[in-house]
Amino acid sequence: MADSSTLIAENIGEYLRQHEHKTLLRFITCGSVDDGKSTLIGRLLYDSKLLLDDQIAAMEEDSKRWGTQAGGVDLALLVDGLAAEREQGITIDVAYRFFNTDQRKFIVADTPGHEQYTRNMVTGASTAELAVILVDARKGVITQTRRHSYLVRLLGIKQVVLAVNKMDLVHFDQARFDEIVADYRAFSDEIELESVTAIPVSALDGDNVSSRSQHTPWYQGPTLMGYLETCEVADADLQARPLRLPVQWVNRPSEGFRGFSGMLVSGQLRPGDPVRIQPSGQQSRVSRLINMKGDLPLVVAGQSVTLTLEDELDVSRGDVISDASDPVEVADQFECHVVWMHEQPMFAGRPYRVRIGTQLVNATITSIKHQINVNTLEHVAASKLELNDIAVCTISFDRAVPFEPYARNRDLGGFLMIDRQTQQTVGAGMIHFALRRSHNIHHQHFDVDMEARAAQKAQNPVVLWFTGLSGAGKSTIANHVERQLYALGRHSYLLDGDNVRHGLNRDLGFTDADRVENIRRVAEVAKLMTDAGLIVLTAFISPFRAERIQARQTIGEQRFHEIYIDTPLSLAEQRDVKGLYRKARAGELKNFTGIDSPYEVPRAPALVVTTEDESPEDSAARVVAYLREQGVV
């Protein structure tokens, strides 16, 4: 009995060792609705003989309830896990499945075909090395095929399998297959897809999926599984590239040890190798490479490690350890593609958080150069991005970061955009290159700074940001505040919404996009005025929290004081001396705050001023009293 147990253990150990050293291929399936993506993955799982008896029994039972094969076994149910997917017979969410063969391990992502779920496809494709694009042999290349192919190329997937599915429904006609392939290759050449392999298949019956079909004697290429098992994976290519190791954690288990942990995203590393730390540019040599098993002589791309350096250097999370002779670039402004993934639109000038590599930075889309119609590849002008829109933009970070173009390195060239208030992921970006100005423009130091100018005026420069509905009394109260400051001998300036639009912002309208840009410019002007030592008062509706947060970030937390003029809409309309509310109610004035454009109430203003039972002079006196409490006057 002991000998039998030993033999079983040895066999299991040998199997695990073989499994450990198999290469891993991540791939996605994509296509239009009902092209058979889930059925194809179900066939791959079934043919790999990794399904347990209870899984097969559950699939057979589910097929009776949800199946689309008229009483037969529906292989798609192995993948379509959501109840809504089963009810509709479509894929909505991204479904991941693991399987393996004797040659290779696989992780496949089944991505949705509907256009409204483009963000889900982007999620699935972000880590894939190969895409299987399905085409219904009856329909041929359609708009969704082109859309998915463009996204595949955009997301850096270089290998594509064109699986012409449901060949059984066109009687395995070679002429139809050749026609579809020719049509697709014309489009793939246009978008510069590097490698396309076309395979005629029937996912339902298994033709050319795992075994060669007797119905296609005219086809001499590989089966789908045969191609997946033998195609090149990125491991060897990544190992041949320069070293890139984003620092994920500064490892200090004790006073006597300080290491830097992370995963190599490219290159190789040995003890003694010279390295450069970016963005600081400091150089040193690797002292040790360590993992849970102890010291290592070599680490390659895809492996995680803790390393120590010969020198005591200031290295933090987000820094990149790179090849000393070929270091990673550093910049803070870029051209990039952006895929918008949220129901709320994106506007240029609005602030976001950005996750790039292992660090989190503040960022602003500075311009939308053009939106891309991925169905026609046409470039169109855009002032905002809606859900699933794709555009070429310029983006500015609040500090220089190590990066590589996305086409060269996904880990250091791709980023996620995060809403500052909800912390939700709202977009994904792919860096093309650093803008030249990010290298050529530097901060110029001057001997006379803000502190010197403020000391000369004997005051503390701040920005009083008055916000509220039109007619709330912002300008009136701000005017009274400035008069009192003037009487106290303080140096101030009032920036008023209407006055600014006569000059600096005369080119802007009142769309959401123009409102965002209006507040961005005003915040920059206010910052310059505080740098001159002034107390700045701004009277703007500034309806969006995101823009007020951006203004706070631009000006500085300590110098920004948000004052909410809290006036009911009904009272604001009664004070409507300009007749704007009346015009808005009549439909003559579009995008008017409080009527057909929202006002987002401040969540934590420094001061709330209610004007229902208070005169403008009394409100102003409250503001000045607040300034005294804060040590401003």
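**Aromatic rings and charges**

The charged end of Arg146 lies over the ring of Phe187, 5.8 Å from the ring centre. A charge counts as over a ring if NZ of Lys or CZ of Arg is within 6 Å of the ring centre and within 35 degrees of the ring normal. Arg501 sits over the face of Phe510, at 4.0 Å from the ring centre.

The model is predicted: local features need pLDDT of at least 70, side-chain atom pairs count only at pLDDT 80 or more, and totals for chains, interfaces and linings use all residues. Residues are numbered from 1 along each chain as its sequence is written, and side-chain values use heavy atoms, with hydrogens and water left out.

Rings of Phe, Tyr and Trp (its six-membered ring) pair if their centres lie within 6.5 Å; planes under 30 degrees apart count as stacked, over 60 as edge-to-face and the rest as tilted. This rule gives twelve aromatic pairs. In one of them, the ring centres of Phe27 and Phe106 are 6.2 Å apart and the planes stand at 85°, so the pair is edge-to-face. Phe27 belongs to strand S1 (residues 23-31) and Phe106 to strand S3 (residues 104-110), so the pair ties together parts 79 residues apart in sequence. Strands (E, at least two residues) are DSSP runs, numbered from the N terminus. Both Phe27 and Phe106 are buried, which means under 20% relative accessible area (1.4 Å probe, protein chains only).

Phe397 and Phe415 are also edge-to-face, because their ring centres are 6.3 Å apart and their planes at 90°. Phe397 is in strand S23 (residues 390-403) and Phe415 in strand S24 (residues 414-418), 18 residues apart. Phe397 is buried at 4% relative accessibility, and Phe415 is buried at 3%. Phe334, Phe397, Phe403 and Phe415 form one aromatic cluster.

Key: Helix = DSSP H or I, 4+ residues; strand = E, 2+ residues; numbered from the N terminus. Buried < 20%, exposed > 50% of the residue type's maximum accessible area, 1.4 Å probe, protein only.
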